[in-house]
There are 2 protein chains.
Amino acid sequence: METQEIRNAGLKVTLPRVKILEILEKQGEDRHLSAEKVYKILLAEGEEIGLATVYRVLTQFEAAGLVERHHFEGGNSIFELNTGSHHDHVVCIKCGKVDEFTDEIIEKRQLEIAERLGYNLTEHSLYLYGYCADCKNL
Amino acid sequence: METQEIRNAGLKVTLPRVKILEILEKQGEDRHLSAEKVYKILLAEGEEIGLATVYRVLTQFEAAGLVERHHFEGGNSIFELNTGSHHDHVVCIKCGKVDEFTDEIIEKRQLEIAERLGYNLTEHSLYLYGYCADCKNL
DNA sequence: CTGCCTGCAAAATTTTTGCAGGGCC
DNA sequence: GGCCCTGCAAAAATTTTGCAGGCAG
């Protein structure tokens, strides 16, 4: 399973890569992880993998299209397994919870706007920030 | 002019603050500057202002609502004078040109989506990336 | 005068890179 | 054996902070 994805990316199947991919696929509540977070999970699982390797592997996965990198507010990068279906994000500014959504209307408008301004749209990022249902009442 | 804005922000009117505000108001083609860029402009004008001060002042201006801080792809923060009218951005991934736009339909959809997901929307960022008219044909 | 400001240097944070050793094919 | 891969430590890049002196009000 993972081994094939890694091979398809033109990378050797090694322990760090398999482990990191596994963590990203363990898509529980948290599909959106920082490199630091991935690193800590690895440590917690008793793996001896360096933070530099985590960054290297995530960057390689990103180049291969396996993973997407986001820049939410707060400085550091957040990584997410690429599910193949594009979506945007809502981030809770209190607890950090992340929800996903897609909206055809917004997608279409973006293309129209880019075209109107003379741009050849290749990518976009849309992040909504606010208080989630749980944090709203605190 | 600028002095009043600074005073209204509850800050003392000092040379660095006036100078930085002036640079941001010199809204030629480039209204979108990194701290580093502002610093270099100051140096080019012969001012003896430290980079740390540039960051401090920009952060204060941001807190006062005078300035907006953006996180385009590429790591560093970009600052822009707050004109009072909200807008989103299109960024050329080749030459770095920035265009602005607003779209009522997108704005409305964002609110609806946030509400549907239970979020109390406080902020959002929408960046489109692509090749601008000039870079498209290179 | 008093307290906010500033420049400088050092620290903090996040991410990248160099290098020497190891393992896969 | 050759080459890709990894851990470690050092380097980079960006932003923040501590401190001692200065200036606005």
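Colleague: In this predicted model, how far is a backbone N or O atom of Ser77(B) from a phosphate oxygen of DNA strand D?

Modeller: The model is a prediction, and in it the backbone of Ser77(B), through an N or O atom, approaches a phosphate oxygen of DNA strand D. A polar contact requires N or O atoms within 3.5 Å, and the separation for Ser77(B) is 2.7 Å.

Colleague: Which elements give two or more residues to the surface near DNA strand D, and which of them supplies the largest share?

Modeller: The surface near DNA strand D draws two or more residues from helix H2 (15-25) and H4 of chain A, and likewise from H4 of chain B. The largest share amounts to five residues, and the element that supplies this share is H4(B).

Colleague: How many residues surround DNA strand D, and what percentage of its atoms within 4 Å of the protein do sugar and phosphate account for?

Modeller: DNA strand D is surrounded by 22 residues, the closest being Thr14(A), Arg17(A), Glu48(A), Thr53(A) and Tyr55(B). By class, this surface has eight nonpolar, six polar and eight charged residues. Of the atoms of DNA strand D that come within 4 Å of the protein, the sugar and phosphate share is 70%.

Colleague: Turning to DNA strand C, which element gives the most to the surface near it?

Modeller: In total 20 residues surround DNA strand C, with Tyr55(A), Ser77(A), Thr14(B), Glu48(B) and Thr53(B) the closest. Helix H4 (51-63) of chain A, helix H2 (15-25) of chain B and helix H4 (51-63) of chain B each supply at least two residues of this surface. The element that gives the most, with five residues, is H4(A).

Colleague: Which kind of oxygen of DNA strand C lies 3.3 Å from a polar side-chain atom of Arg56(A)?

Modeller: Among the atoms of DNA strand C within 4 Å of the protein, 70% belong to sugar or phosphate and the rest to bases. Two side chains reach phosphate oxygens of DNA strand C, a polar atom of Tyr55(A) at 2.3 Å and one of Thr14(B) at 2.7 Å. For Arg56(A), the atom of DNA strand C in question is a base oxygen.

Colleague: Between the two protein chains, how much area do chain A and chain B bury?

Modeller: The interface brings 36 residues of chain A into contact with 36 residues of chain B. In chain A, Tyr119(A), Leu128(A) and Tyr129(A) lose the most area to chain B, together 19% of what that side buries. Carbon and sulfur atoms carry 60% of the buried area, and the value for chain A and chain B is about 3200 Å².

Colleague: How far apart are the closest N and O atoms in the salt bridge that Arg109(A) forms with Asp103(B)?

Modeller: Chain A and chain B are joined by a count of two salt bridges, and there are also 16 residue pairs in polar contact between these chains. In the salt bridge of Arg109(A) with Asp103(B), the closest N and O atoms are apart by 2.5 Å.

Colleague: In S6(B), which residue is the bridge partner of His124(A)?

Modeller: On the side of chain A that touches chain B, S6(A) gives the most, with twelve residues. S6(A) pairs with strand S6 (residues 120-131) of chain B in the antiparallel sense, over eleven bridges. Within this pairing, the partner of His124(A) is Leu128(B).

Colleague: Which residue in the turn between S4(B) and S5(B) has a positive phi?

Modeller: Strand S4 (residues 88-92) and strand S5 (residues 98-101) of chain B run antiparallel and are joined by four bridges, with Val90(B) opposite Asp99(B). The two strands form a hairpin with five residues between them, and the turn residue with a positive phi, about 80 degrees, is Gly96(B).

Definitions and conventions:
Residues numbered from 1 in each chain as written. Chains lettered and ligands numbered in written order. Heavy atoms only, no water. Contact = heavy atoms within 4.5 Å. Buried area = accessible area lost by both parts, 1.4 Å probe. Salt bridge = Lys/Arg side-chain N within 4 Å of Asp/Glu carboxyl O. Polar contact = N/O pair within 3.5 Å; in protein donor to acceptor, adjacent residues only side chain to side chain. Pairing = 2+ DSSP bridges. Near = heavy atom within 4 Å. Nonpolar A, V, L, I, M, F, W, Y, C, P; charged D, E, K, R; others polar.
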